[in-house]
Amino acid sequence: MIRQSGNIIIVQGPVNIYNVVDLTEQGLALLDSGNLQVDLQQVTEVDSTAISMLFEWLREANKKNCHLEFLHLSASLESLMQLYGVTDFIAPLSHQ
């Protein structure tokens, strides 16, 4: 599930192969030309498809001149990012 509170997109629950298409589309619909933060603190489970979702959001944000920042990446998501060598592309705003 994804919801928006001001300039923050909040992702909740699992992000995996079973729901990533729906979550990706929900997130794309929220991107505009502003600066947005994606809060991943309430994500309960991830697999490698979560990385593809974040990349799709970044691509679309770049097309719309929108700047995305990621907050509260879980240890498992950071581990996947390191495994795939994409930490430079999906850098969290800061480590919390």
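Analyst: Strands are DSSP runs of E with at least two residues, helices are runs of H or I with at least four, and both are numbered from the N terminus; two strands pair if DSSP finds at least two bridges between them. Here β2 and strand β3 (residues 35-46) pair in the parallel sense over 7 bridges, and the bridge partner of I9 in β3 is V38. The model is a predicted one, in which local features need pLDDT of at least 70 and side-chain atom pairs count only at pLDDT 80 or more, while totals for chains, interfaces and linings use all residues. Residues are numbered from 1 along each chain as its sequence is written, and side-chain values use heavy atoms, with hydrogens and water left out.

User: In which sense do β1 and β2 pair, and over how many bridges?

Analyst: Strand β1 (residues 2-5) and strand β2 (residues 8-15) are antiparallel, with 4 bridges. Within this pair, Q4 stands opposite I9 in β2, and R3 stands opposite I10 in β2. The hairpin of β1 and β2 has 2 residues between the strands, and G6 takes a positive phi near 65° there.

User: What is the order of the strands in the sheet, and which strands stand at the edges?

Analyst: The open sheet is formed by 4 strands in the order β1-β2-β3-β4, and its pairing is mixed. At the edges stand β1 and β4 (67-71), each with a single partner strand, so one side of each lacks a neighbour in the sheet. From one strand to the next the twist averages 25°, where angles run from 0 to 180 degrees between N-to-C directions and axes are lines fitted to C-alpha atoms, for helices over the stretch in contact. The strands β3 and β4 run parallel and are joined by 5 bridges, and the bridge partner of N35 in β4 is H67.

User: Which strands does each helix touch?

Analyst: Contact means heavy atoms within 4.5 Å. Helix α1 packs on the sheet, touching β1, β2 and β3, and its direction makes about 20° with that of β1. Helix α2 also packs on the sheet, touching β1, β2, β3 and β4, and its direction makes about 150° with that of β4.

User: At what angle do α1 and α2 pack, and which residues make the contact?

Analyst: Angles under 35 degrees count as roughly parallel, over 145 as roughly antiparallel, 65 to 115 as roughly perpendicular and the rest as oblique. Helix α1 (residues 20-30) and helix α2 (residues 49-63) pack at about 25°, with their axes 10 Å apart, and they are therefore roughly parallel to each other. The contact is made by V20, L23, T24, G27 and L28 of α1 together with T49, M53, E56, W57 and E60 of α2.

User: Is E60 buried or exposed, and how many residues of β2 are buried?

Analyst: Buried means under 20% relative accessible area, exposed over 50%, and partly exposed in between (1.4 Å probe, protein chains only). E60, whose place is in helix α2, has a relative accessible area of 18% and is buried. Leaving aside its neighbours within four places in sequence, E60 is in contact with L28 and L31. In β2, 6 of the 8 residues are buried, so β2 is largely enclosed by the rest of the structure.
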